[in-house]
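Hi,

Here is the structure I promised to pass on.

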Amino acid sequence: MSRFFSRGYHYDSATSSEEEEFMSSSEDDLVASSSSNDEVESEDSFFNDSESDFGETDDDDSDSKPYGPDWFKKPQFRKGGATGASRFLKGNDSGSDNSDGEESKKVVRSAKDKLLDEMTASYSKIDAADLTQDWVTILAEFENINRLVVKAQQQNFGTPNVFVRVLAQVEDLVNANAQANIKHKVAAKAFNTVRQRLRKAARENEELLAKFREDPASFEKEANADVQTNDMDVPVLGRRNADGEHVKVAHSDFYSALRMVIESRGKKGTDIQAQIRTMEELVDIAQTPYESIIVYLNLIPIRFDATSNLTYQPLDQWKAIHANVSDLLTTLEANIDSYHVTEIAPRNEFIEEEPQPNENGIREILGSVFSFVERLDDEFNKFLLHTDPHWSDYFERLKYEQVIYNLIVRAQLYLEKVLLERVQPDHVGKYMARVFIRRLNHIYYKKAKHVAIIESNAWKSLPNDCSKIIKYSSDPEYTSNLIDRLCTHVAASPDHLLKKRAILYHIYYFALNNEFTKAKEMLVQSSVRNSINSLDPSIQILFNRVIVQLGIAAFKLCLVEDCHEILNEVSTAPHLRDILGQQSLLRASSNVGNNNNTLLSTDQVCLPFHQHINLDFIDSVYMTCSLLIEIPHMAAYYSGVKVRRLPFSQKSIRRALEYYEKSNFRGPPETMRDHMVHAAKAMQKGNWAQCIQYLKSLSTWSLLGENADEVFMKLSERIQIESLKTYIFTYKRFYSKLSVPKLSDFFNLPQEQVVNVIESMCESFNIKGTLNETKEMLIFEKGDEITKLEEAVIKLKKDMKHRSDRLNNNIVQR
């Protein structure tokens, strides 16, 4: 058995010698056969290696000569030196291995050298692309080297000389060619882009480029342009000195530092806080109004970027942005005759140069001041949405609504001054519709007295005659005129969504301030209702709020039928909280996720808590109207009078009474629904005083405001009248005559009013009864009235029929 397969093998010299003799004999035979075929042996021959190794090494070293299973190893494994894991041990490395290791050592290059190598490679690619007029490649490499220069400046490497050489190279290429000579459309477009990029880069590095043009050879031999002896001259973002103090940017580096911030904005790994510190320093060292304006236009977006990944903006950051926007408006207002920031201004490619003045001597800067105000307003709403309304933080932050409203009015006045010089006064609303909508957002859901307060506070720091569109006055009718003027100017906008939103704001404001007739007419005349299902979800929510507020306005005027008709569809919806925009953010986010519209956000379908309409108040109003309509109707129906069957919903008083009669335990009223049921039971008995008492015990009536007593006075009178009708319908079968004076005393109504109610009942419900000549007695004519027993039999018969139909349906299905 071979020792290779032996488990307990131990080396033995005698056994080894025998095996060597056996192996040597077999080897001699093999050598003899191979020598006859080929006289020249291979360099990888096992025997040459073994013989040489045997001659060079000691006889006692048995590892140097292969034997046993080693004979089957490949030649590369039978080379000299340590094999297996022993080659990793100390002292087993051969000289050749050491030399190879020294040659294959990895050279670590600095980031600066890597950038220079990449720039040099771009230079070579541009040079090669020039031979084939490949302007697409030239554009790609030129943009790449511009990005590398920005990266080098961010890492305090300055401007390398190779970049100046590339600028000169590309400038020569552009000057040697013309766009008209380039036939290919893509190449011509790339050539034009290269020319624009080159013009910008050459202007920024004009001195270095001129120096290179004077003597390219000496420029290349000199030290790179990135070697700076004075660190104070380098505009570095957030740089600190040896003591850890922040190094300020000198005014000579104002535009270079500003451009560095602009180009590095939004890139990966950029320190936004360092950018903000640098921009704040630039604000301090700005010497001209143009420098201050251009810095503010870039500082404010960077502040927004710093909190873009947060759920809402912290209060200190919000205050800082508000202060920057206010300072920007102050600078623009102080230089209104020299500088204008508008969205319709031409783009300025070089921030170092001020725009050319127009025919009026005004320099126009591209930008949008009101977009900053809009974003600030959105962040204000986000905080309110993500804060528990029962915490003190919510009320503390809500105090800043006046602050943001003042800023909106101030931005409106600035835009008026800027736009009125370029557009006609009749078309101002077309450009300022966003501003007017923002003002309406903050005032449409407030009472007229509250709007007067917020307006007076906003105009305290502004002159009254500074607005040419809407002039402030302390007149009581100013608030209603304000809403009319704002909505009228928004109607001039080409945006249909803004138009519909303004109409709904107008209707809501009138309904909230008890102008039901005017609000209803506006809603009927508008075409919003016809296309509401295809509009934006936020407008659908606003429409539902308008409908609810319109119903509440009808209730305040004791127009019970109108209120019931308006609220019947909205208040009985299964998800009333959702369709009014009052759901939680968690539920709103899930609804938005299920919606196919990916652009929809939770801010569009949710409203802050102070704009909510109390759901219990809506239910109280609807069920009270249902009580006043359905209880007399039910009494007439059960008394045998032929009446039109009214549709009822889950929240109607009829459904609540059916559930109450089926319940086993009937305790005292606790919830709002229980109070409504007990009030209905009292009205069925004709006990109007107890019915009013149950309704008054509801705490939701405090939301009626100052005119709650007036509303309840009208409501009490209506309850007395409906209780009178219910009493007559219920008990007319038991009486042949009813005394009108006694009915007047019992229901605390004037006798003339009781007579009018009886006459209307006889006419509307065809009651077989007449008043005598003195109108003091109601005489009933006995006809086909059913008794209580017959009424119970009819009910049981209907129930049995219903149950048998259900049973038959189940049998058929089986």
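This is a predicted model: local features need pLDDT of at least 70, side-chain atom pairs count only at pLDDT 80 or more; totals for chains, interfaces and linings use all residues.

Residues are numbered from 1 along each chain as its sequence is written, and side-chain values use heavy atoms, with hydrogens and water left out.

Searching the whole structure gives 23 aromatic pairs (rings of Phe, Tyr and Trp, the last by its six-membered ring, with centres within 6.5 Å; planes under 30 degrees apart are stacked, over 60 edge-to-face, the rest tilted). One of them is Y444 with Y445, edge-to-face at 5.4 Å centre to centre and 80 degrees between the planes. Both Y444 and Y445 are buried (under 20% relative accessible area; exposed is over 50%, partly exposed in between, with a 1.4 Å probe and protein chains only).

F729 and F765 are edge-to-face too, because their ring centres are 5.0 Å apart and their planes at 80 degrees. This pair joins distant parts of the chain, 36 residues apart: F729 belongs to helix α31 (residues 708-731) and F765 to helix α33 (residues 751-765) (helices are DSSP runs of H or I, at least four residues, numbered from the N terminus). F729 has 0% relative accessibility, so it counts as buried, while F765, at 25%, counts as partly exposed.

There is also an aromatic cluster made up of Y727, Y731, F734, F746 and F747.

Cheers

Terms used. Helices (H or I, at least four residues) and strands (E, at least two) are DSSP runs, numbered from the N terminus.
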